Amino acid sequence: MIDVLASMRGSVTDVAALGKVAVLMGGRSAERAISLMSGQGVLQALRSQGVDAHPFDPAERDMGELRREGFARCFIALHGRWGEDGTVQGALELLGIPYTGSGVLASSVAMDKIMTKRIWRSEGLPTPAWRTVQSVGDTLAALAELGSPMIVKPAREGSTLGLTKVTDAAQCAQAYALAARHDPEVLCEQFVSGDEVTCPVLGEDRSAVALPTIRIVAPQGNYDYQHKYFTDDTQYLVPCGLPEGEEAAINALVLKAYRTLGCRGWARADVMIDGRTRQPWLLEINTAPGMTGHSLVPMSARAAGISYESLCLGLLQSASLDATAPDNPPHAE
């Protein structure tokens, strides 16, 4: 079995062998601003290690330019749709350019919170009860079924964009409208009160390993877009301060969730721990996590002895394709 952590802590002996590298950043999603921040951090880290790395914004350039300009691999620092959802991964598969992170199917499924929950539930993994809604009336019915508080959010969006914590029926119309502005598929989810934690994973299949769990303590428990990226009010506790057995159970659960979806390279799963029963509940998994100054994967990696630069290099080295095209592809007669 590959020792992923030892590999990440080690140095790349032949950086030139990585070839010309594109750091994909920006894009067209609602998370464009965060992606640009992540991409600049990755770009600087790779260049500091001697990598021939260049910025590439798919919102401004044709993806075909990657092949025409001789790029050998891509570091995907895109977030949200058209970057984290299998679309860019599919384009890179067609171009034959290895990329960081999960493949087409795992990226697409993980981006869809409803499909992710269905798969986890079918495999016996704990995830909060939910309802898919198409109207304000459906949202009111979901609140009656799931109880208050309830989370209303877009099915395919990240960074808590479009998310509302609903505590009474009067909020349902506005919560639904906000979520539906981001995605026609809206998810209502039972709220779990307790500790909010996140756990990154590195590697693939049986060699995948969980990094230290981070416990998130946000002001008034409100870990929203602003508190995620633009304030220093949120506390990130690593070591997380949970009992050793509890953290080990969360790590094992997250690894199973990661493998169940067929993720590879890296990802980060968000988990709520019920304050009364101490039962952990899987919320979602991010297959192209943030790499900004406030981001959690670099924070957890640092606690495991992996620097930001080593993390970026290690992820770049792991770049791959779902399938390698044959040297002599079939052609029409």
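A polar contact is a pair of N or O atoms within 3.5 Å; within protein, one atom must be able to donate a hydrogen and the other to accept it, and residues adjacent in sequence count only if both atoms are side-chain atoms. In the present structure, the side chain of T292 reaches the backbone nitrogen of H294 at 3.2 Å. The structure is a predicted model, in which local features need pLDDT of at least 70 and side-chain atom pairs count only at pLDDT 80 or more, whereas totals for chains, interfaces and linings use all residues. Residues are numbered from 1 along each chain as its sequence is written, and side-chain values use heavy atoms, with hydrogens and water left out.

T292 is placed in the loop between β13 and α11; helices (H or I, at least four residues) and strands (E, at least two) are DSSP runs, numbered from the N terminus. With a relative accessibility of 6%, T292 counts as buried, where buried means under 20% relative accessible area, exposed over 50%, and partly exposed in between (1.4 Å probe, protein chains only).

D57 is located between β2 (52–56) and α3 (65–68). A polar atom of the D57 side chain lies 3.0 Å from the backbone nitrogen of G27, and the side chains of D57 and R32 are joined by a polar contact of 2.8 Å. When neighbours within four places in sequence are left aside, D57 is in contact (heavy atoms within 4.5 Å) with M25, G26, G27, R32 and L36.

Nonpolar cores were defined as sets of buried Ala, Val, Leu, Ile, Met, Phe, Trp, Tyr and Cys residues joined through side-chain atoms within 4.5 Å. The largest such core comprises 29 residues, of which V23, L46, V51, F75, L202, I306 and L311 touch the most other members. Two or more residues of this core are given by each of α1 (4–9), β1 (20–24), α2 (32–48), α11 (296–303) and α12 (308–317). Helix α12 supplies the largest share, five residues. Around I306, residues up to four places away in sequence not being counted, the residues touched are L5, M8, R9, L202, L211, A301 and L311. Another core, lying apart from the largest one, has 25 residues, including A110, C199, V254 and C263.

Helix α12 is largely enclosed by the rest of the structure, because seven of its ten residues are buried. The buried residues of α12 are S310, L311, C312, L313, G314, L315 and L316. L311 is also brought into spatial relation with S7: the two residues are 304 residues apart in sequence, but their C-alpha atoms are 9.7 Å apart in space. S7 belongs to helix α1 and is partly exposed, with a relative accessible area of 43%.

The packing of two helices was examined next. Helix α5 (residues 104–111) packs against helix α6 (residues 113–122) at an angle of about 100°, and their axes are 5 Å apart. The two helices are therefore roughly perpendicular; angles of 65 to 115 degrees count as such, whereas those under 35 degrees count as roughly parallel, those over 145 as roughly antiparallel and the rest as oblique. Axes are lines fitted to C-alpha atoms, for helices over the stretch in contact, and angles run from 0 to 180 degrees between N-to-C directions. V109, A110 and M111 of α5 meet K113, M115, T116 and I119 of α6. By class, this contact has five nonpolar, one polar and one charged residues.

Backbone geometry was also considered. Most residues other than glycine have a negative phi, and most peptide bonds are trans. The peptide bond from S148 to P149 is cis, with omega near 0°, and P149 lies in the loop between α7 (136–146) and β5 (150–154). V238 and P239 are likewise joined by a cis peptide bond, with omega about 5°; P239 is found between β11 (235–237) and α10 (244–260). A positive phi, near 60°, is found at W82, a residue other than glycine. W82 is located in the loop between β3 (73–76) and α4 (87–95) and is partly exposed, with a relative accessible area of 37%. R278, also not a glycine, has a positive phi of about 65°. The loop between β12 (266–274) and β13 (280–286) contains R278, which counts as partly exposed at 29% relative accessibility.

Key
Ala, Val, Leu, Ile, Met, Phe, Trp, Tyr, Cys and Pro count as nonpolar, Asp, Glu, Lys and Arg as charged, and the others, Gly among them, as polar.
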